[in-house]
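I opened this notebook to record what I looked up, one topic at a time.

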Amino acid sequence: MMDCLFCKIAAGEIPSKKVYEDDRVYAFYDIDPQAPTHFLVIPKQHIASVAAVDVSNSAVVAHCFEVITKLAAELGMESFRVVSNIGEQAGQSVFHLHFHVLSGRDMTWPPG
Ligand code: AMP
Ligand code: ZN
């Protein structure tokens with residue numbers, strides 16, 4: 001999608017610190033980390049948020065979670081949090097589906 005920051009990152013048009021890449025998914029470290037380990041897992045195809053997931057695109061969402069599990073194991077993350085913000089009130093600032101993966105510190109519940 002034109003003018004989408006994460007589409008451009010997934011395409012390599014904007015630099016990022018890559019964690020993982022395959023034909024469908026890209027993972028990279030968050031530019032403003034909120035935990036000692038904080039990376040984002042995104043589908044390469046443009047999906048605006050969890051609210052835009054449907055039967056036509058849910059396979060890549062499932063693959064995002066396969067990638068999260070694989071990376072968590074490879075990085076030795078025994079405890080971690082996966083977050084996706086949907087809409088501005090929930091804190092979404094980039095309108096391309098992404099899963100935050102955070103680890104390496106104590107976390108509180110409920111989130112703020
Ligand atoms: P959200 O606010 O849930 O939509 O998450 C967007 C995330 O993208 C935030 O945690 C930002 O720090 C992160 N972010 C924004 N621009 C970049 C970038 N160029 N590279 C890496 N992470 C970014
Ligand atoms: Zn996009």
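Predicted model: local features only at pLDDT ≥ 70, side-chain atom pairs only at ≥ 80, totals over all residues.

**Surface and overall form.** I first looked up the accessible surface of the protein, which comes to about 6700 Å², with 54% of it belonging to carbon and sulfur atoms; such areas come from the Shrake-Rupley method with a 1.4 Å probe, and for residues only the protein chains shown count as cover. Residues are numbered from 1 along each chain as its sequence is written, chains are lettered from A and ligands numbered from 1 in the order in which they are written, and side-chain values use heavy atoms, with hydrogens and water left out.

I then checked the dimensions: the C-alpha atoms fill a box of roughly 40 × 30 × 30 Å along the principal axes. Of the 112 residues, 37% count as buried, where buried means under 20% relative accessible area, exposed over 50%, and partly exposed in between (1.4 Å probe, protein chains only).

**Secondary structure.** I found two helices and five strands, in the order α-β-β-β-α-β-β along the sequence; helices (H or I, at least four residues) and strands (E, at least two) are DSSP runs, numbered from the N terminus.

I followed strand β5, in which five of the five residues are buried, so β5 is largely enclosed by the rest of the structure. Phe-99, Val-101 and Ser-103 point one way from β5, while His-100 and Leu-102 point the other way. Strand β3 (residues 37-43) runs antiparallel to β5 and is joined to it by five bridges, with Val-101 as the bridge partner of Phe-39; two strands pair if DSSP finds at least two bridges between them. On β4, which pairs with β5 in the antiparallel sense over three bridges, I noted that Val-83 has His-100 as its bridge partner.

**The zinc site.** Which protein atoms are the donors of the zinc ion (ligand 2)? I listed Cys-4 (SG), Cys-7 (SG), His-46 (ND1) and His-96 (ND1), lying 2.1 to 2.3 Å from the ion; donors are N, O and S atoms within 2.8 Å of the metal (3.2 Å for Na, K and Ca), and water is not among the atoms, so sites may look incomplete. The angles among the four donor atoms are 106 to 116 degrees, and the site is tetrahedral, a label for four donors if all angles lie between 85 and 135 degrees. Cys-7 in helix α1 (residues 5-10) and His-96, 89 residues apart, link distant parts of the chain.

His-96 sits in the loop between β4 and β5 and is buried, with a relative accessible area of 0%. Leaving aside neighbours within four places in sequence, the residues in contact with His-96 include Phe-6, Ile-42 and Ala-48, contact meaning heavy atoms within 4.5 Å.

**Backbone notes.** Most residues other than glycine have a negative phi, and most peptide bonds are trans. I marked Asp-3, whose phi is near 65 degrees, and the cis peptide bond from Trp-109 to Pro-110, with omega near 5 degrees.

Notes: Tetrahedral: all angles 85-135°; square planar, octahedral: opposite > 155°, others 65-115°.
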